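This briefing covers selected features of the structure shown below. The points are grouped by topic.

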Amino acid sequence: MLTASGNQFKDWSAAYRIFKGQRMNIGAIFSEIRKDVLRQNRSKSEYIYAHMDDTLLRKRGKKIFGTGWLRDPLGPPFCNNFIWGQRFVQLSVSLIEKDIFGPSRAIPVDFKHCPPTRKPSKNATDAELALYRERQKKEKMSEVGVQRVIALRKSLDDDGYKNKQLILSVDGSYTNGTVLRKLPENVDLIGRIRKDSKIYSLPEEQQSGKGRKRYYGEELPTPEEIRQSADYPYLPVEAWAAGKLRTFNVKVVKGIRWRKSGKRNLMLLIIRPVCYRLTKKSKLLYRAPAYLISTNQDIDIALQVQAYIRRWEIEVGFRDQKTLMGCGQAQIREKSAVEKVPAFVSACYGMMLLASHKVQSKRPTQLPGPKWYVNLKKQRTTTGDIINRYRVENWAQSVKINFSDFVNIEKKLSKCGKLANPAFSFFILCQKLAKLESLDK
């Protein structure tokens, strides 16, 4: 960052101390991003769609704060690999680009460091072991995640969105009793469950006999058995996925209860496997079915399916933040810097996506894409496109000329029957720049 801004030959000690102590308030930065996203979505949806997931940042140093041996999610399914790194929990809010059933972006609004709990030595006392077990309960991923959801809901209420319901989509690691039993009011969850989960019907309203009332009724078939059964019909549901509206077949079972959720009534959604072909002549293949539960049975089924499909954007965001934005690549050890630098990079990523969304209609100057670029005719603007556009705007300001002249010279040479030579056209471009500089002087 210092080199990009031309400050590599100046004193850099002050810049390195930005993330030390309380000099930078990451929460205040994320709050501005959150407010801007909600302003953009105000007239497009009656709900607020949020997503939560965790990610790992690989590290090498053994003395970096908050690092430990963690399970590698990219390892093979037949073996658990372990990597040395840090883990973070991220909350993102969907930025709806056009309408509800259309493309969207997952804008990060929270990025919380969640270090693993250090296990005491084998010679530890009973008091130290008790303290370790207590810390382990408070610092586990699901507990940290639900506390961040509570904080997000409170921030939304403070921003004036008490009447807007928050729909939170998560994967299977957060669809558990810790999250479901502590969900705040006005927050509904859509999450994935196992196909062999035990689910129950609602208990009878009038229960005879003494004793406490039953929470669960009769045991129902497992989600996998319901998917294979002909007693539950499929319903066609339209949702936006992979660049266009598609029809999904969904089985819906309302009025169920799960032991992880306690007395909360749930709804089961089973999405039929989607077929696809790798090539036009290849055989028909199928993706895995999705087994989802929802804590709200009144919201439209299509909206809930669309909300869960939007959760994939947070996975795309993790990839872009790590590979393109350099999240987790800073060489830092101190506690406050370890927690703030990755969050600051994530906030920069969110602000970049917001800026791109606001200027989409203006179509700013950008370099022409190569012939092999497959995204020329697609509607989606990738993170790489945004970064290239930012570079072109800065380069155009520095050279005071449009880059289209470089392309026009190439076209003139090809029309004259000459061999295209980029070095020759660049030489002509430099002559034009020299003339402009002489005129300025």
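Strand β1 (residues 47-58) is mostly covered, with ten of its twelve residues buried. The model is a predicted one. Across the protein, 42% of the 441 residues count as buried.

**Strand β1 and its partners**
- On one side of the pairing list is strand β5 (residues 165-170), which pairs with β1 in the parallel sense over five bridges.
- Strand β3 (residues 82-96) runs antiparallel to β1, and nine bridges join the two.
- His51 has Ser92 in β3 as its bridge partner.
- In a regular strand, side chains alternate between the two faces of the sheet.

**Helices α2 and α9**
- Helix α2 (residues 26-41) and helix α9 (residues 335-358) have axes that come within 10 Å and cross at roughly 25°.
- Angles under 35 degrees count as roughly parallel, and α2 and α9 are therefore roughly parallel to each other.
- The crossing of α2 and α9 is left-handed.
- From α2, the contact is made by Ile26, Ile29, Phe30, Ile33, Asp36, Val37 and Gln40.
- From α9, the contributing residues are Lys340, Ala343, Phe344, Ser346, Ala347, Met351, Leu354, His357 and Lys358.
- Sorted by class, the contact of α2 with α9 comprises ten nonpolar, three polar and three charged residues.

- Val237 is a residue of strand β8 (residues 235-241).
- The relative accessible area of Val237 is 7%; the cut-off for a buried residue is under 20%, so Val237 is buried.
- Apart from neighbours within four places in sequence, Val237 is in contact with Arg246, Thr247, Phe248 and Val250, and also with Ile301, Ala302 and Val305.
- Ile271 is 34 residues from Val237 along the chain, and the C-alpha atoms of Val237 and Ile271 are separated by 9.7 Å.

**Whole protein**
- The secondary structure comes to twelve helices and 13 strands.
- Of the contacts between residues at least 6 apart in sequence, 64% join residues at least 24 apart.

Definitions and conventions
Residues numbered from 1 in each chain as written. Predicted model: local features only at pLDDT ≥ 70, side-chain atom pairs only at ≥ 80, totals over all residues. Heavy atoms only, no water. Axes fitted to C-alpha atoms, helices over the stretch in contact; angles between N-to-C directions. Helix = DSSP H or I, 4+ residues; strand = E, 2+ residues; numbered from the N terminus. Parallel < 35°, antiparallel > 145°, perpendicular 65-115°, else oblique. Left-handed = near helix turned anticlockwise from the far one by under 90°. Contact = heavy atoms within 4.5 Å. Nonpolar A, V, L, I, M, F, W, Y, C, P; charged D, E, K, R; others polar. Buried < 20%, exposed > 50% of the residue type's maximum accessible area, 1.4 Å probe, protein only. Pairing = 2+ DSSP bridges.
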